Amino acid sequence: MPDLTDATVPALDPAIAERLKRDEHGLVAAVVQQHDTGEVLMLGWMDDEALRRTLTEGRVTFWSRSREEYWRKGDTSGHVQLVRSVALDCDGDALLVRVHQVGAACHTGTRTCFEAGGDLGAVVGPDAPAA
C-alpha cells in the first residue's frame, strides 16, 4: 500500500482507526448495501485511507487487492455508489456501507455480486417457533 505519511494528506480520525480490527494486510471487509431496500450489493475491502475517503468524499472507495491500488466505485463504469451511511460492527472487523447504487454494483454487469455468483442451494432451516 502507498506511504501516506505526507502531512498534507489528512488521516483517518484516530478515534475510528483505533476501533478497527484489520486483517494481516491492514484491511477491513466492507459490506455494501442499498440504503432503501436492504439489498446486499457486494463486498469490498478498505484500509484506513479508503475508509477516510469514503467517510469524507460521499463516494465509496476500496483498496483493490488484485490491482494493489485504490479504486472509487464507478469512476470508469459510471456505476457509482453514493454514501448514505457507514457503520462499524461490534467486533470492529467489518463495515456496513449503505449506499444509493447507480447502475450495476458488480463488475459483471449484474445488479449485485451475489446475483452474479448464484445461489448455492443451501437447505432452508425451519421457521422460528411462535412467541
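Lys and Arg are counted here as positive and Asp and Glu as negative, while His and the chain ends are left out of the count. On this basis, the chain carries 21 negative and 13 positive side chains. The centres of these two sets lie 5 Å apart. The model described here is a predicted one.

The secondary structure consists of six strands and three helices. Along its principal axes, the C-alpha trace spans about 55 × 35 × 25 Å.

Burial and contacts were computed for the chain as a whole. The chain has 131 residues, and 31% of them count as buried. Among contacts between residues at least 6 apart in sequence, 44% join residues that are at least 24 apart.

Empty space was examined next. Rolling a probe the size of a water molecule over the atoms shows where such space is left. The largest pocket holds about 630 Å³ of space. Its lining is formed by 24 residues, and those nearest the centre of the pocket are Met 42, Arg 67, Trp 71, Lys 73 and His 107. Three strands, β2 (40-46), β3 (61-64) and β4 (69-72), are the elements that each give two or more residues to this lining. Of the elements, β2 gives the most to the lining of the largest pocket, contributing four residues.

Terms used. Residues are numbered from 1 along each chain as its sequence is written. This is a predicted model: local features need pLDDT of at least 70, side-chain atom pairs count only at pLDDT 80 or more; totals for chains, interfaces and linings use all residues. Side-chain values use heavy atoms; hydrogens and water are left out. Buried means under 20% relative accessible area, exposed over 50%, partly exposed in between (1.4 Å probe, protein chains only). Contact means heavy atoms within 4.5 Å. The place of a charge is taken as NZ of Lys, CZ of Arg, CG of Asp or CD of Glu. On a 1 Å grid over the protein atoms alone, a cavity is a set of points where a 1.4 Å probe fits but cannot get out, and a pocket is an open set with protein on both sides within 12 Å along at least five of seven lines; lining residues have an atom within 4 Å of a point. Grid points are joined across faces, edges and corners, and a volume is the space filled by probe spheres set on the points.
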